[in-house]
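Dear colleague,

Please find the structure below, together with a summary of what was found in it. I would be grateful if you would read the two side by side.

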Amino acid sequence: MSGAVTTSTVLLLLLPLAGAVVLLVGGRRLDRVGHLIGCATVIAAFVCGIIAFTGLTSLPVDERSVTADLFTWMSSGSFTVDIGLGLDPLSATFVLLITGVGSLIHIYSIGYMAHDAERRKFFAYLNLFVAAMLLLVLGNSFVTLYAGWEGVGLASYLLIGFWSDRPAAATAAKKAFIMNRVGDVGLALAIFLMFREMGTVSYAGVFDRIGGVAAESPGTVTVIALLLLLGACGKSGQVPLQAWLPDAMEGPTPVSALIHAATMVTAGVYLIARCAPIYDLTPDGRLVVAIVGAVTILVGCIAGCAKDDIKKVLAYSTVSQIGYMFLAVGLGPGFYALGILHLLTHGFFKAGMFLGAGSVMHAMDDEVDMRRFGGLMRKLPITFGVFVAGYLAIIGFPLFSGFFSKDLIIEAAFGDGGTEGLLLGGAALLGAGITAFYMTRMMIMTFLGEPRWKQLRTRDGGEYHPHESPPVMTIPMIVLAIGSVGAGAFLAIGARLMDLLAPAVGEYTEPEPPVAPIVLTLVTLLVVAAGVALAWMLVGRRPVPVTAPEHVSPVVALARADVGGNAINETLFARPGIWLSRTSVYADAKGVDGAVNGLAAALGGLSGRWRHWQNGYVRSYALSMFAGTLGVLLLLLLVRYS
């Protein structure tokens, strides 16, 4: 790795890590400046990221993949783990997203967490989160990736459960931690299998030798791909491991923005795109990825339709939008870049909307129930503008960011051909319409209509006084809104991003849907318009009750129940696990401990009985000797005449 790029890459990783260490070790003496240290280190990392990105793109196209081995972590026999960094167009793109959006979220947090007594610790955890995510994308081996992978899991646990005095937050943190561990087992097994088959865990070594493994044992490559997918599903909240992600909203809103927009949930998409040389060799593995994405699109959309918590609506929209990314990367060679394109545009409009949701909560005394909102457009004009930009982007309104990325994914899905293409494309198209419905519902219930909060009281009995957030919160939101408007066009027109990523994920292929792209675009827009119109008829033209109706249709009930996500997990994993635990406890108590305790009790009882023979009377001892002698004689006679 060349000098300037090396220095910048190492620094951009170390700066947020150093910030986390200083803030945690420094203690309360840093309470007054902790937030400034946290912001400064991440902003400095963003500057280093720009320098590294510029240095990388100044190299010839075929040389834009540079690595640097830092040290040997462990060496035992043929097993050696070297820790090193790698920078290529894919990791460099993620670096800019993580540090850029992360910096805006840090700045926003200065205002959002201004009155929190543990603000220093909060910024320390944010820095730790950013550092772990950077290690994940900058590692040049699967072991380094795994270290960052686990670091992100730890940081998310700390941040989701940051308000640990709230039982719901503590439960959500544990749920996220445990469900992520399920996925992590898949990733760990994939790494073990790679080492067994290829004797290495470095990207270069694995990708060089995976072709030989595919020639001898195609099934092994498919197994590796599926295990990697399991890890990706856990980290990115995809079916069947999606249930933790909406509950993660219990953490502070900037955490939701950071996890959902720019960091943790994108790790699964990054993993699959990074492993493109593996997925290129297994059509079955790619098909499963695409199916998971398509199913997740619909599950996230349906669940989002019935939520009244503004953050949970956004959370399920994240689940659904990442489903689009999985669908794109599951389509295989030529389309990995489409998943990354949607990931980047999503980073802007989703981070903007999450920060906007935090602004709404800031104005409404931490209230999250949209049924208690209404008519906030005039009270929160900047927040409303940010939401409008994000809303138009996520529904794919022409010329907004989401239009350029989602439209191409729908075209590519239909272009897969046959029944497979029809089903995958149909799911993506239907998801676009449902997304338009529930996002329009959210906009109407929050910003339009009757201001229902005027007739309500806050939790402490006071009145609501909605007001716009301070500039330290609104300025980052405005920057993200600008990205929601223009990032898609900047990245997609002329295939700018696709050409940049080509050395890392392969050449981009123009989608070839069965009908002309313009026809499919018009059909998509009609479906989206139908979703908007339906939301207006069902929500916009009717009074919104402050309390959710109890008696609803089975479809709404299913949506309220998260499309069975929690119920399925409880049925398949939690209850069998509880039953197994209880059975093990019973077997241990009555079996192992029972046998030991029973033997001890038997010996104790026998000893107690024998104790009575030791009474000090000569006649008793004489009788004992007589009985013993008689017993010996009987045994001798028995042996003699048997």
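**Salt bridges**

Arg28 and Asp31 join their side chains in a salt bridge, with 3.5 Å from N to O; the term denotes a side-chain nitrogen of Lys or Arg within 4 Å of a carboxyl oxygen of Asp or Glu. This is a predicted model, in which local features need pLDDT of at least 70 and side-chain atom pairs count only at pLDDT 80 or more, while totals for chains, interfaces and linings use all residues. Residues are numbered from 1 along each chain as its sequence is written, and side-chain values use heavy atoms, with hydrogens and water left out.

Arg28 is exposed at 53% relative accessibility, whereas Asp31 is partly exposed at 24%. Here buried means under 20% relative accessible area, exposed over 50%, and partly exposed in between (1.4 Å probe, protein chains only). Arg28 and Asp31 also belong to a network of salt bridges with Glu118, Arg120 and Lys121.

A salt bridge of 2.8 Å (N to O) connects the side chains of Asp308 and Arg371. Asp308 is in the loop between α13 (283-305) and α14 (310-330) and Arg371 in the loop between α15 and α16, so this pair ties together parts that are 63 residues apart in sequence. Helices (H or I, at least four residues) and strands (E, at least two) are DSSP runs, numbered from the N terminus. Asp308 is buried at 15% relative accessibility, and Arg371 is buried at 9%.

Arg457 and Glu463 form a salt bridge of 3.8 Å, N to O. Arg457 is partly exposed at 41%, as is Glu463 at 49%. The whole structure holds 17 salt bridges.

**Backbone**

Most residues other than glycine have a negative phi, and most peptide bonds are trans. Asp365, in the loop between α15 and α16 (381-394), has a positive phi of about 55° although it is not a glycine; Asp365 is partly exposed at 38% relative accessibility. Asp562, in the loop between α22 (554-560) and α23 (565-611), has a positive phi of about 60° and is buried at 15%. Val239 and Pro240 are joined by a cis peptide bond with omega about 10°, and Pro240 sits in the loop between α8 (218-236) and α9 (244-247).

**Cavity and surface**

There is one cavity of 30 Å³ or more. On a 1 Å grid over the protein atoms alone, a cavity is a set of points where a 1.4 Å probe fits but cannot get out, and lining residues have an atom within 4 Å of a point. The largest cavity has a volume of about 60 Å³, volume being the space filled by probe spheres set on the points. Its lining includes Ile395, Phe403, Lys406, Asp407 and Val528. α17 gives the most to this lining, with five residues.

Met377, Leu448, Leu534, Trp536, Met537 and Leu538 make up a nonpolar surface patch with about 510 Å² of accessible area together. Such a patch takes residues with over 30% relative accessible area and no salt bridge, nonpolar side chains (Val, Leu, Ile, Met, Phe, Trp, Tyr) being joined within 5 Å; areas come from the Shrake-Rupley method with a 1.4 Å probe. Leu534 belongs to helix α21 (residues 517-540).

**Overall**

The protein chain has 24 helices and two strands, and 54% of its 642 residues are buried.

Yours sincerely

Note on methods:
Patches are made of residues with over 30% relative accessible area and no salt bridge: like charges are joined within 9 Å, nonpolar side chains (Val, Leu, Ile, Met, Phe, Trp, Tyr) within 5 Å. On a 1 Å grid over the protein atoms alone, a cavity is a set of points where a 1.4 Å probe fits but cannot get out, and a pocket is an open set with protein on both sides within 12 Å along at least five of seven lines; lining residues have an atom within 4 Å of a point.
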